[in-house]
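Hi,

Here is the structure I promised to pass on. Have a look at it first, and my notes follow below.

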Amino acid sequence: MTRLLVRGLAQLVTPGGSGKLPRRGHDLAAVEVLDDAFVLCDGERIEAVGRMRELAQIVGDLAEVEELDGSGRCAVPGLVDCHTHPAWGGDRVEEFSLRAAGASYEQLHAAGGGILSTVAATRALGADGLRERVARHAAWLLRHGTTTWEGKSGYGLDLTTELESLRAVRTAGGSPTWLGAHAVPPEFASADAYLDFALSDVLPEAAPLADAADVFLERGAFDAAQARRFLEACGAAGLALRLHGDQFTESGAIPLAVELGARSVDHLEATTEGGVATLAASGVAGVLLPASALFLDRPMPPARALVDAGAAIALATDFNPGSSFTTSLPFVCSLACTQLHLSPAEALTAVTVNAAHVLGIADRAGRIAPGCAADLVLLDAPDWRYLAYHLAGDIVETVVKSGRIAYQR
Ligand code: NIG
Ligand code: FE
């Protein structure tokens, strides 16, 4: 196993706080900043972290260590994108143009475009094509500093393509989520008829391939009763539960998530006061997707109210071809600070340890600390807050994944 020493960092920053998971309230903003710092990785784990002047004392023998000069750079933990849709074919550039001319996302969806147009293109790819597309999307995520990511299926909605999507995500290094209830595909007359098929034919084969299950609970997709049926079956099959909820309408996603002990409810652009209070009092995390709200010109989720009420929040890209065509968590952090009124420290916690919590891996991912995964991002910036400050900036200079340089600009 090789050891990698990143030395002379202008700053190193990591979520701090009480250590309780997920971070909430004031803890969300508690980050530790070390100036003139080093990180020593031993294989896939971090061995030591400290200030350069303590290096000799902490580390001792530096023989057989590969060195990386961090001067003028800031290290943040490898970013964790806990909500992406990377398994798709074609694109939605035509729809993007129609939306620019005034058509709404929901109108396009109701007219059989939107998600269903991507379903047709994804089914046409085949297993090799799908693997190639997911690998390409994973490379885009890495260039933006994402070292850990969740990837949903949901653009196949037939047995073969759903399973191929889950396998492609795993092969590309992601954590697969079976988004088996994303839309009702055209060969089924109703959402209930589709769910009969999905739960009897797909779930038994999808469950061993996936880490979690997800449903789009929304008018025009699945209602609360259908979402409950889907999630209860998935939970019984051992999958962690996620929901797309309150994107356009508040249709019962938060109460259902709390009742079923889901990991998260994601979107929340339409969440009102009652939903904020219910979520804040629960163990369910709210995953905020401001790039999606921006891309669709929708209201932003009530992030400040959620944090101030004590809710656990994470931030993610929602990368997909229709509602959020971006793979950049630094850009999401910029939106968090400018549109959601979070501080850079709150945004950092939300794209690292809290996002890892949503994926069930916060014990080992999302922090720069001994024993944690040796995943780091070196920012070409004099202050770590450039992560959010440099809007759409090209600041990711080096990405270390599992103790190895996985990307260098
Ligand atoms: O999270 N809202 C549902 N699913 C995705 C969008 C999918 C698409 O438009 O292709 C989302 O925004
Ligand atoms: Fe999504």
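How far is an oxygen atom of ligand 1 from an N or O atom in the side chain of Tyr105? The distance is 2.4 Å, which falls under the polar contact cut-off (a pair of N or O atoms within 3.5 Å; within protein, one must be able to donate a hydrogen and the other to accept it, and residues adjacent in sequence count only if both atoms are side-chain atoms).

Before you read on: this is a predicted model, where local features need pLDDT of at least 70, side-chain atom pairs count only at pLDDT 80 or more, and totals for chains, interfaces and linings use all residues. Residues are numbered from 1 along each chain as its sequence is written, chains are lettered from A and ligands numbered from 1 in written order, and side-chain values use heavy atoms, without hydrogens or water.

Back to the ligand. Ser323 puts a polar side-chain atom 2.5 Å from an oxygen atom of ligand 1, and Gln247 has one 2.8 Å from a nitrogen atom of ligand 1. On its own, ligand 1 exposes 330 Å², and the protein buries 100% of that (Shrake-Rupley, 1.4 Å probe). The shell around ligand 1 has 15 residues (a heavy atom within 4 Å), with Arg92 and Tyr155 among the closest.

Elsewhere, there are 24 salt bridges (a side-chain nitrogen of Lys or Arg within 4 Å of a carboxyl oxygen of Asp or Glu). One joins Arg123 and Glu187, at 2.8 Å from N to O. Arg123 is in helix H4 and Glu187 in the loop between strand S8 and helix H7, so this pair ties together parts 64 residues apart in sequence (helices are DSSP runs of H or I, at least four residues; strands of E, at least two).

Most residues other than glycine have a negative phi, and most peptide bonds are trans.

Cheers
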